[in-house]
Amino acid sequence: MPVPGPGYSITVRVEAPPSASAAGDLTTAVGNVGGVLTAFDVVESHADAIVVDITANVSNADHVEDITKALDALPGVRVRKVSDRTFLMHLGGKISIAPKVQLKNRDDLSRAYTPGVARVCQAIAANPADARRLTIKRNTVAVVTDGSAVLGLGNIGPAAALPVMEGKAALFKKFADVDAWPVCLDTQDTEEIIRIVKALAPVYAGINLEDIAAPRCFEIEARLREQLDIPVFHDDQHGTAIVVLAALRNALRVVDKKIEDCKIVVSGAGAAGSAIIRLLLHKKPGDVIAADIDGIVHNGRSNLDDNLRWLAENTNRENLSGTLHDALVGADVFIGVSAPNLFGAEQVATMAKDPVVFALANPDPEIDPLEAQRHAAVVATGRSDYPNQINNVLAFPGVFRGLLDAQATEIDDEMLIAAANAIADVVDDRLNASFIVPSVFDSAVAPAVAEAIKAAVRRSTAQA
């Protein structure tokens, strides 16, 4: 279901005749082949020709070729160059470091570096806790990946994962003023990843695990949490779960249902799906049915790993078996974090009255949102071109801002639930079927989440 969007935006530089109809001819040619024009700029003008930059959103590489051919086919028009605007944004990377102190003269250098820095080193050696006060540690997070489960691209390795980790670091800075740095590891060995992250930990006040494939991600996170004195947070699991829980709380308000009465179907039993289910269970739903590529997860299945076995033991009270389509019958809520195009409107019609459908597979969801809307009361996706975008950026910047400010040493489910409630509360009286979560650009979100996390840390500390 690819549609033109800003994630695939091009600028085509063309040379055209200087006629009165040139602009109309060029824009019509782009529109006729489905391009979405976003800018038209004359960059050169001569007596016999004009040079124009046409910027458009497209669907894919084939669509680029269609637009190029359509422009080239116009009389007197020549395509000079096609630039991919996404690649242009990534040239040289998306983040950098900058000194926070001025280094204008010898005195500045003597305090920032040798000999003055030696006294600071000695102070930290005498009292290691001072590292938070006297270094970047207090505001710095490592974004750690092995490149084994990057977006929907799969196991593409650490170098290819770097653009995503850079983007993550940029989002940390933009939304919560957290200094984050990509750490892309050239190993997919569980023991080695744990050893490396432990060795790196002195620099950081938090670890954000990212795009590590299940089931290894579960063990890596669990063991690092045991062995480190800083919070370890796998965003693919818990960031997704936080935003889904926030969105579901508000969606159920729209349809006037209580979660305790709801049958919830979750498609996808990997990192995100399992974390969503574990957080949902704190809210005591009527029932949760998990499904994966082999169908409904139940105690009678023979191919259960540790994670699936836990899901079988803690969900699906009636021990149903069958397909995802079978699970949907009578369900109040569908949450998908799995694969595209798994069902259609006819399956939504078998769900309970006023169903809620969260089809979050990206870029192509489990069901076309327009199909889902034929029967569902509330529909959400992971996409930015439909209402109700379930996006982790609503969670992780504020979560880490709160953890860092509270000097937290760990993170627990109560903190995750507090973050979800804070996101849901930001919507407040603006709630409707097309607005169950705030915009990712809502400046109130990260501070609200951070405050909720800090309060939860204080409660946890008081109970310890």
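Select helix H17 (residues 413-427) and helix H18 (residues 445-463): their axes, lines fitted to C-alpha atoms over the stretch in contact, come within 8 Å and cross at roughly 150°. Angles run from 0 to 180 degrees between N-to-C directions. H17 and H18 are therefore roughly antiparallel to each other (over 145 degrees). This is a predicted model, in which local features need pLDDT of at least 70 and side-chain atom pairs count only at pLDDT 80 or more, while totals for chains, interfaces and linings use all residues. Residues are numbered from 1 along each chain as its sequence is written, and side-chain values use heavy atoms, without hydrogens and water. Helices (H or I, at least four residues) and strands (E, at least two) are DSSP runs, numbered from the N terminus.

Show the side chains next. In H17, Ala418, Ala422 and Val426 are among the residues that meet H18, whose side includes Val449, Ile453 and Arg459; contact means heavy atoms within 4.5 Å.

Move to strands S5 (residues 140-145) and S6 (residues 179-184). They run parallel, joined by 6 bridges; strands pair if DSSP finds at least two bridges between them. Pick Ala142: its bridge partner in S6 is Trp181.

Now display the open sheet. Its 6 strands follow the order S11-S10-S9-S12-S13-S14, with mixed pairing. At the edges, strand S11 (295-296) and strand S14 (378-381) each pair on one side only. S11 runs antiparallel to strand S10 (residues 287-292), through 2 bridges. Ala291 stands opposite Ile296 in S11.

Finish on helix H10 (residues 235-255). H10 lies across S9, S12, S13 and S14, running at about 155° to S13.

How values were computed: Angles under 35 degrees count as roughly parallel, over 145 as roughly antiparallel, 65 to 115 as roughly perpendicular and the rest as oblique.
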